[in-house]
Amino acid sequence: MTKIAIVQEPPVFLDRERTIERAVEQVKKAADQGAELVVFSETYIPGYPAWIWRLKPGGDWGLSEQLHGRLLDNAVQLESAQLNPLLEVAREMQVTIVCGIEARDEDASRATLYSAVLTIGPEGRVQNCHRKLMPTNPERMVWGFGDARGLKVIDTPVGRVGALMCWENFMPLARYALYAQGIDIYIAPTYDSGEKWIRSLQHIAREGGCWVLGAGVVLHRKDLPADFPEIERLYPDKDEWINQGDSVVISPTGDIVAGPLHQETGLLLADIDTRQVAAARRSLDIVGHYSRPDIFTLQVNARAQRPVEFNE
């Protein structure tokens with residue numbers, strides 16, 4: 001059995017350094033309770049831009065620019081040393097960490113943001129970075145489109161781990177790309193929540209015959225910084241749960257074994273057995289004996305998006 005932990009805690013909103021410090025604390029807390037895999041929500045560092053669902057595209061242009069500027073300033077630059085504390089705690093506690101971040105482009109303009117999810121191994125190294133393929137609705141005003149370089153399943157001490165974020169999980173071909181790599185633990189960091197979302201994750205667990213960990217964003221109005229602009233207009237209810245969390249652990253049979261953690265913070269701990277994956281696929285292995293490769297094929301373009309080239 002492997003103990004896993006989903007961290008359902010708010011970030012120090014729009015503060016990269018303090019959020020990383022909080023993440024380190026949570027990793028230590030989870031590891032002290034025996035967790036070998038620690039999972040954080042979508043864009044945990046430095047927080048999900050929840051305001052995009054309340055602003056008007058034209059009328060709130062100035063406010064959008066102000067908030068986006070703060071998000072950009074606190075996004076993670078992967079080539080820097082900003083994440084070193086998280087890498088060091090993975091090595092110190094000998095755990096695998098899966099964490100959502102706002103990633104700042106370092107290849108071209110240095111001004112585009114991506115919703116990304118990192119897999120950090122117990123040796124303290126980033127093993128994979130997956131950028132969200134398709135931002136949803138107003139997210140397209142914040143994030144660029146990812147590519148398939150990070151659409152990978154990674155061997156870890158706890159099993160073969162892969163991740164898709166939020167509504168990427170509704171993309172059948174993206175799911176299939178992970179199934180086809182022999183995934184054991186399918187991780188879904190998300191801003192979505194509620195019964196319908198959980199039912200979708202249960203379907204994915206049965207479809208893929210894998211463990212599914214849904215890591216939900218939890219955010220209360222009190223978690224916003226005191227200097228959040230126009231907070232009284234956007235979030236007038238001081239008791240509002242901006243997002244409810246609903247982190248959940250689902251077995252390869254589609255059964256919920258832990259959670260959902262609803263409108264509360266904390267660690268969601270569960271013991272999982274990856275041997276159940278093979279047992280679940282005995283009757284339904286959609287990339288094995290239940291597939292028809294003579295009829296269906298999937299080709300994934302895993303090359304990087306090409307930056308703009310200049311000829312002098």
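Predicted model: local features only at pLDDT ≥ 70, side-chain atom pairs only at ≥ 80, totals over all residues.
Student: What describes a pair of aromatic rings?

Tutor: Two things: the distance of the centres and the angle of the planes. In this structure the count comes to ten aromatic pairs.

Student: How are the rings of phenylalanine 13 and tryptophan 51 arranged?

Tutor: Their centres are 6.2 Å apart and their planes stand at 85°. An angle over 60 degrees counts as edge-to-face, so this pair is edge-to-face.

Student: Where in the chain do phenylalanine 13 and tryptophan 51 lie?

Tutor: In distant parts, 38 residues apart. Phenylalanine 13 is in the loop between β1 (2–8) and α1 (16–32). Tryptophan 51 is in the loop between β2 (37–39) and α2 (61–73).

Student: Is tryptophan 51 buried or exposed?

Tutor: Buried means under 20% relative accessible area. Tryptophan 51 has 4% relative accessibility, so it counts as buried. Phenylalanine 13 is buried too.

Student: Which aromatic pair do tryptophan 51 and phenylalanine 228 form?

Tutor: A tilted one. The distance is 6.2 Å centre to centre, with 55° between the planes. This pair also links distant parts of the chain, 177 residues apart. Phenylalanine 228 sits in the loop between β10 (218–220) and α6 (231–234). With a relative accessible area of 3%, phenylalanine 228 is buried.

Student: Which residues form one aromatic cluster?

Tutor: Phe13, Trp51, Phe228 and Tyr235.

Student: What sits over the ring of tyrosine 114?

Tutor: The charged end of arginine 131, at 3.8 Å from the ring's centre.

Technical notes:
Residues numbered from 1 in each chain as written. Heavy atoms only, no water. Phe/Tyr/Trp six-rings, centres within 6.5 Å; stacked < 30°, edge-to-face > 60°. Helix = DSSP H or I, 4+ residues; strand = E, 2+ residues; numbered from the N terminus. Buried < 20%, exposed > 50% of the residue type's maximum accessible area, 1.4 Å probe, protein only. Lys NZ or Arg CZ within 6 Å of the ring centre and 35° of its normal.
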